[in-house]
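I wrote down what I looked up, one topic at a time.

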Amino acid sequence: MIIGNRSNRKDGLSRIFVTKVLKFVIFICFKCSVTDANTPFRLMSSQSLKDNLRYVPRNFNLSNIILSVVYIKRGMRVKFIPITFKERQGGVNSINLKKYLKLE
């Protein structure tokens, strides 16, 4: 699997914070390091995906994240490639730290 690692991100401090917390939680829970677990940029063969989807629980809401963990824990080849990630061009940021931390 090739995973795009969003280094030098410009998409907001809250998203960077969430990514770092996620990386820490994955390390604590699964004892493995995933450089950028929630990146939307992944490349794998359809057969490889099919073979590994059986390890993802059916109703698991973060299937893209757990899939990266599955590949790493099963000892499959995973390569993180740096990609550029521009700041948001439009729309509204869906991460509201105040809301999640109950500060509002």
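This is a predicted model: local features need pLDDT of at least 70, side-chain atom pairs count only at pLDDT 80 or more; totals for chains, interfaces and linings use all residues.

**Entry 1: helix H1.** Helix H1 covers residues 13-30, which is 18 residues, and from its first C-alpha to its last I found a reach of 25 Å, close to the 26 Å expected at 1.5 Å a residue.

I then asked which residues of H1 are buried. They are Ser 14, Thr 19, Leu 22 and Ile 26, and because they cover an arc of only 135° around the axis, they lie on the same side of H1. I noted the general rule that an α-helix has 3.6 residues a turn, so residues three or four places apart point the same way. On the other side of H1, I found Leu 13, Lys 20 and Phe 24 to be exposed.

**Entry 2: a nonpolar patch.** Next I looked at the surface, where Phe 17, Val 18, Val 21, Phe 24, Val 25, Phe 27 and Ile 28 form a nonpolar patch, with about 620 Å² of accessible area together.

Entry 3: I turned to the strands, which form an open sheet of three in the order E2-E1-E3, with mixed pairing. The edge strands are E2 and strand E3 (79-83), since each of these pairs on one side only.

E1 and E2, by contrast, run antiparallel and are joined by two bridges, with Arg 42 in E2 as the partner of Ile 3.

I also asked how many of the five residues of E1 are buried. The count is four, so I recorded the strand as mostly covered.

**Entry 4: a salt bridge.** My search for salt bridges came to a count of one. The side chains of Arg 6 and Asp 36 meet in it, at 2.8 Å from N to O. The pair links distant parts of the chain, for Arg 6 is in strand E1 whereas Asp 36 is in the loop between H1 and E2, 30 residues apart. Are these two residues buried or exposed? Both Arg 6 and Asp 36 are buried.

**Entry 5: the whole chain.** I left the overview for the end. The protein has four helices and three strands, and read along the sequence they follow the pattern β-α-β-α-α-β-α. Of its 104 residues, 26% count as buried, and in H1 the buried ones include Leu 22 and Ile 26.

Methods:
Residues are numbered from 1 along each chain as its sequence is written. Side-chain values use heavy atoms; hydrogens and water are left out. The expected span of a helix is 1.5 Å times one less than its number of residues. Buried means under 20% relative accessible area, exposed over 50%, partly exposed in between (1.4 Å probe, protein chains only). The arc is that of the directions from the helix axis to the C-beta atoms. Patches are made of residues with over 30% relative accessible area and no salt bridge: like charges are joined within 9 Å, nonpolar side chains (Val, Leu, Ile, Met, Phe, Trp, Tyr) within 5 Å. Accessible areas come from the Shrake-Rupley method with a 1.4 Å probe; for residues, only the protein chains shown count as cover. A salt bridge is a side-chain nitrogen of Lys or Arg within 4 Å of a carboxyl oxygen of Asp or Glu. Two strands pair if DSSP finds at least two bridges between them.
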